Amino acid sequence: MNKQRVDTVYINMFLDFNRQTVKQIMGLCTDIVGQHNPEKLYFMLSSNGGEVVAGFTLYNFLVGLSTKVVMHNVGTVDSIATVVFLAGDERYASEHSTFLYHGVSFTVQGSMSFTLDQLEERVSSLKEDQERIAKIIADKTGLSLDQTKKYQRRGETLNPEKAKEAKIISQIREVTIPANVPLVNIVT
């Protein structure tokens, strides 16, 4: 069966990352690659972040694709979404967009109790997640590991100019979607 090859499939992604949304995105990408065999997947991303595990899963999936991945920040890319964004082989930001880097946290609901061992396990997990995020950011940008960790500690928001200086993006530009191209919308 011959696939109809297209140059680029555009994917509008305005959501936060959790198990369900990541499964949806991975399934969609698998279908697109199988159906269209595109040279590029062009993600227009705006996200407040979400679950750390979900973000790492999507990052690793996107990095593993044989198709070129382009990421374009069209609003805000915060928290674990910064890691997903860095899966892009090419990375851009709209003029009025931002990036937020901060440390990892966990939420406690209701009246939960913890043993000392459980708290130490949670602290260990938080430290490891924060270290993995810092390493990915340092590996994929012009930021040093120390600078990345400083951003995490104080919660740093970068405008596109600062993001370009830090090599998080290569260019500040607006999205231009050509007519008659495949365009998929994933929003929650």
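Trainee: What do the buried residues of H5 pack against?

Mentor: In this predicted model, local features need pLDDT of at least 70, side-chain atom pairs count only at pLDDT 80 or more, and totals for chains, interfaces and linings use all residues. Residues are numbered from 1 along each chain as its sequence is written, and side-chain values use heavy atoms, with hydrogens and water left out. Helices (H or I, at least four residues) and strands (E, at least two) are DSSP runs, numbered from the N terminus. Contact means heavy atoms within 4.5 Å. Here, the buried residues of H5 pack against E5, H4 and strand E6 (156-158).

Trainee: Which residues of helix H5 are buried?

Mentor: Buried means under 20% relative accessible area, exposed over 50%, partly exposed in between (1.4 Å probe, protein chains only). In H5 (residues 145-154), the buried ones are Thr148, Tyr151 and Gln152.

Trainee: Why do they line one face of the helix?

Mentor: An arc is taken from the directions from the helix axis to the C-beta atoms. The buried residues of H5 fall within an arc of 100° seen down its axis, so they line one face. Asp146 and Arg153, on the other side of H5, are exposed.

Trainee: What follows H5?

Mentor: Gly155 does, with a positive phi near 70°.
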